[in-house]
Amino acid sequence: MSAAASALALALPRPLAHAARFESNAATREQRWVKRTVLSLGLGFFALFLLLPLATVFTEALRKGFGVYLNALIEPDALSALKLTLIAALIAVPLNLVFGVWAAWLVSKFDFRGKSFLVTLIDLPFSVSPVVAGLIYVLMFGAQGWFGPWLQAHDLKIVFAVPGIVLATVFVTFPFVARELIPLMEAQGREEEEAATVLGASGWQTFWHVTLPNVKWGLLYGVILCNARAFGEFGAVSVVSGHIRGVTNTLPLHVEILYNEYQFAAAFAVASLLALLALVTLGLKSVVEWQQAKAHTQSTQ
Amino acid sequence: MSAVLTSLATPADAVATRKPRRVLPGFGLSLGYTLVYLSLLVLIPLSAVFLKTATMGWERFWQVVSSPRVLASYELSFGAALLAAALNTVFGALLAWSLVRYSFPGKKLVDALIDLPFALPTAVAGIALTALYSRNGWLGAVLEPLGIKVAFTPLGVLVALTFIGLPFVVRTVQPVLEDIDTELEEAAASLGAQRWQTIRHIVLPILTPALLTGFALAFARAVGEYGSVIFIAGNLPMVSEITPLMIITKLEQYDYAGATAIAAVMLVFSFALLLGINGLQAWSARSRGVGAGRNGR
């Protein structure tokens with residue numbers, strides 16, 4: 001179970017240990033030509049598939065000069081897309097934060113039947129194609145969906161409107177915080193919380209003063225990842241948005257529209273904004289990793 | 001260290017005694033909250049796919065999911081996803097090895113940027129890769145005179161899926177590699193093993209579960225991917241249409257039943273893959289316990 005929860009790809013990575021202990025040991029190092037080959041193959045792949053696309057975003061964005069770049073960012077459609085993206089993230093992230101904390105408390109502090117199945121279900125949104133994630137809300141709330149007639153009778157719109165975009169965003173960012181917290185809180189064990197409870201602390205006090213300080217960096221990491229995905233989601237949002245310019249366009253959808261209209265410089269300008277956000281996310285992630293490592297060494301000393 | 005001990009002492013799946021005594025508060029509340037939130041946002045909407053499919057009749061369902069254009073899309077989606085995951089397994093392992101075992105300038109930056117495909121919106125990746133590999137792009141300008149067309153061909157799909165799957169293998173292999181006890185390799189070396197023999201017979205078997213897990217995660221992600229692919233694929237019927245695009249196409253024609261049928265096929269496949277990945281991760285955790293030594297954390 002804890003294996004399923006330890007969200008490999010998303011688990012808070014440990015900062016790099018020094019490679020020197022391997023390189024100075026005759027039994028664990030390779031010949032120089034092997035090292036060179038492995039490094040150049042690995043880093044070549046890294047440059048080809050990660051660095052070049054990243055560099056392309058910024059060079060294409062600035063190709064027609066800084067004036068065009070700035071104009072693309074401050075035109076009304078771009079601003080309304082930014083606003084909608086912010087709204088979706090501001091609703092989705094807190095919702096999934098609260099859920100993640102409750103779910104992690106449940107899974108890490110209690111034993112009950114069907115726990116590993118529950119964790120698998122929490123992971124589910126990760127393995128569903130974004131397009132399917134959008135489709136399910138169309139099936140529920142679309143004109144021909146389960147609640148379609150009722151919604152129409154009450155003049156409510158969910159699909160092809162802002163609520164649909166928020167729902168799709170909540171779905172695709174659903175597991176991030178829970179997945180980050182569960183392995184961390186499991187590793188922390190229960191003794192500290194049990195001691196606090198026995199000494200008379202309320203559940204809330206126990207969580208706030210005992211659990212939270214132990215997991216705050218992991219929690220922050222989950223929120224950062226959740227936020228990045230909320231800003232960048234494309235497939236799911238695309239299905240439920242209806243692409244109404246200035247109304248139901250998020251930033252990634254705005255990029256698509258500009259690109260399909262052959263306004264490449266403008267498309268890449270907006271894309272560069274999202275790429276900058278991605279870089280900030282990675283930077284914050286490194287800071288969190290560093291803080292976590294510091295907290296870890298302090299607690300073991 | 002104490003964290004490791006406690007997590008060993010209380011395995012998460014320890015079977016609850018018949019009448020568990022719970023010291024900590026909030027079991028009922030957190031169980032209720034988790035189940036309601038999960039059901040409302042994930043389980044009930046997902047069940048809509050199967051209920052809708054059930055109303056359309058077997059024959060119509062089969063007709064949709066086995067039409068030639070949809071079959072061609074499975075072939076491309078699954079084939080390209082498999083190839084991309086395989087590429088990422090080989091190069092991801094080399095990258096993880098480089099990050100753990102070698103020191104080189106800029107290592108911290110490389111390590112931080114590995115996660116870029118998680119953080120970069122897929123649409124941004126899509127247009128960037130397209131610009132890079134189109135005729136005027138940095139790579140397209142080099143490849144096209146050689147007769148290699150990447151943008152707007154199935155090869156472009158492979159490139160996009162490789163991009164989005166890149167972090168998975170690196171991030172699954174990296175921690176395992178860090179935990180391997182150097183004493184194992186020292187013992188092999190002192191017993192006269194060549195370096196490649198040690199890697200082949202000692203290191204590689206320890207890494208195998210992590211490699212397979214990374215492969216499966218990259219594959220699962222790639223099969224469902226949409227945003228980064230549609231820009232570079234060209235989306236020619238029977239040639240470069242991926243399965244998620246077929247769902248979109250049906251939706252644009254207001255063929256909700258058709259879209260749902262294809263979605264049901266994809267969902268069943270994702271569930272099967274998810275179960276497989278969970279099994280792999282359990283195996284990976286077990287053999288990591290064996291491989292990790294005292295210098296692990």
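On a 1 Å grid over the protein atoms alone, a pocket is an open set of points with protein on both sides within 12 Å along at least five of seven lines, a cavity is a set where a 1.4 Å probe fits but cannot get out, and lining residues have an atom within 4 Å of a point. This is a predicted model, in which local features need pLDDT of at least 70 and side-chain atom pairs count only at pLDDT 80 or more, while totals for chains, interfaces and linings use all residues. Residues are numbered from 1 along each chain as its sequence is written, chains are lettered from A and ligands numbered from 1 in the order in which they are written, and side-chain values use heavy atoms, with hydrogens and water left out.

**Second largest pocket**

- The second largest pocket has a volume of about 580 Å³, a volume being the space filled by probe spheres set on grid points that are joined across faces, edges and corners.
- Its lining consists of 22 residues, and those nearest the centre of the pocket are A:S238, A:H243, B:Y226, B:I248 and B:E252.
- Two or more lining residues come from each of α13 (235-241) and α14 (251-260) of chain A and α12 (227-233) and α13 (243-252) of chain B, where helices are DSSP runs (H or I, at least four residues) numbered from the N terminus.
- The element that gives the most to this lining is α13(B), with five residues.
- By class the lining of this pocket has 14 nonpolar, six polar and two charged residues, with Ala, Val, Leu, Ile, Met, Phe, Trp, Tyr, Cys and Pro counted as nonpolar, Asp, Glu, Lys and Arg as charged, and the others, Gly among them, as polar.

**Largest cavity**

- Five cavities of 30 Å³ or more are counted, and the largest cavity has a volume of about 670 Å³.
- The largest cavity is lined by 40 residues, of which A:F126, A:S127, A:R229, B:F168 and B:R221 are the closest to its centre.
- At least two lining residues each are supplied by α6 (115-127), α10 (176-188) and α12 (203-232) of chain A and by α6 (116-119), α11 (195-224) and α14 (256-291) of chain B, and the largest share, six residues, comes from α14(B).
- This lining divides into 25 nonpolar, nine polar and six charged residues.

**Second largest cavity**

- The second largest cavity holds about 70 Å³ of space, and its lining includes A:S127 and A:S129 together with B:M266, B:F269 and B:L273.
- Of the elements of chain B, α11 and α14 each supply at least two residues of this lining, and α14(B) provides the largest share, with four residues.
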